[in-house]
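The exercises below are to be worked with the sequence and the model at hand. Each task is followed by a solution in steps.

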Amino acid sequence: MILDIVCIIFVLGGLLFFTGGSVGIIRLPDFYTRMHPAGKLDSMGSLMVIIGLFVYIMETPNLLNALTGLKIVLIAVFMYLSSPTATHCIVDAAMRSGLKPWEK
Amino acid sequence: MMWDFFLYCSIYLSLIMLLPMYRVVFGPTVFDRLMGVNAIGSKTVVLLLLIGFIYERPDMFVDIALAYALLNFIAVIATSRYFYKRRRL
């Protein structure tokens with residue numbers, strides 16, 4: 001029961017981070033400033049939701065649930081390797097193709 | 001109780017995906033569209049995990065989510081290499 005509450009808190013926190021990232025993508029003025037919420041808040045939201053689901057699946061510990069939880073943690077590790085790489089790659093392509101930063 | 005919670009979280013996450021979809025459709029440059037696709041893909045991985053908990057088969061949907069994360073990463077890298085050093089987009 002207490003683990004259910006921990007799971008709910010983590011998943012709701014992750015959804016809050018996802019909301020912030022999506023609103024930032026809509027409302028910021030420039031490509032480079034829009035890259036900031038798209039790069040960071042998605043990583044944090046994914047990590048918090050995945051921690052919540054890991055806590056939920058490890059409530060009944062047996063071998064199948066342990067293997068599934070290990071794969072869920074591996075998704076988080078892969079997302080933390082791939083998301084900064086993808087962000088850097090998009091910004092690098094934009095800089096080299098001559099997109100000017102926003103000036104007021 | 002937890003089944004309802006996962007269902008409502010999935011519905012909310014699907015509605016949140018409409019905001020980067022606006023940027024994909026009306027983005028001023030190609031890179032805005034690429035960034036929106038990347039944001040939608042990283043939300044879709046989490047949505048697939050939640051769908052696995054709704055159907056009570058998380059052992060199957062975790063594999064699908066892992067494959068989708070790999071595919072999203074490769075697609076974004078390949079597309080941004082394609083637009084590398086290409087002037088006047």
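This is a predicted model: local features need pLDDT of at least 70, side-chain atom pairs count only at pLDDT 80 or more; totals for chains, interfaces and linings use all residues.

**Exercise 1.** Determine which residues of helix 1 of chain B are buried and what covers them.

Solution. A residue is buried if 20 or more other C-beta atoms, placed from the backbone, lie within 10 Å of its own, exposed if 12 or fewer, and partly exposed in between.
- Step 1: B:F6, B:C9, B:L13 and B:I16 are buried.
- Step 2: viewed down the helix axis, the buried residues of helix 1 of chain B fall within an arc of 80° (directions from the axis to the C-beta atoms), so they line one face of the helix.
- Step 3: the other side of this helix carries the exposed residues B:W3, B:D4, B:Y8, B:I11 and B:L15.
- Step 4: the cover over the buried residues includes helix 1 (2-27) of chain A, as well as helix 2 (18-26) and helix 3 (30-54) of chain B.

**Exercise 2.** Is B:I16 buried or exposed, and what is it in contact with?

Solution. B:I16 has 21 C-beta neighbours inside 10 Å and therefore counts as buried. Two residues are in contact if their C-beta atoms, placed from the backbone, lie within 7 Å. Leaving aside neighbours within four places in sequence, B:I16 is in contact with A:F18, A:T19, A:S22 and B:K43.

**Exercise 3.** Describe the side of chain A that touches chain B.

Solution. The contact takes 39 residues from chain A and 40 residues from chain B. On the chain A side, helix 1, helix 2 (31-57) and helix 3 (63-96) each give two or more residues. Helix 3 of chain A has the largest share, 15 residues.

**Exercise 4.** Which residues of the largest nonpolar core touch the most other members?

Solution. A nonpolar core is a set of buried Ala, Val, Leu, Ile, Met, Phe, Trp, Tyr and Cys residues joined through C-beta atoms within 7 Å. The largest one has 46 residues, and A:L53, A:I90 and B:L49 touch the most other members. At least two residues each come from helix 1, helix 2 and helix 3 of chain A and from helix 1, helix 3 and helix 4 (58-82) of chain B. Helix 3 of chain B gives the most, 12 residues. Beyond neighbours within four places in sequence, A:I90 is in contact with A:M35, B:F31, B:L34, B:M35, B:V76 and B:S80.

**Exercise 5.** What does the radius of gyration say about chain B?

Solution. Chain B has 4 helices and 0 strands. The radius of gyration is taken over C-alpha atoms, and the globule rule is 2.2 Å times the number of residues to the power 0.38. For the 89 residues of chain B the rule gives 12 Å, but the radius of gyration is 16 Å, so the chain is more spread out than a compact globule.

Conventions. Residues are numbered from 1 along each chain as its sequence is written. Chains are lettered from A and ligands numbered from 1 in the order in which they are written.
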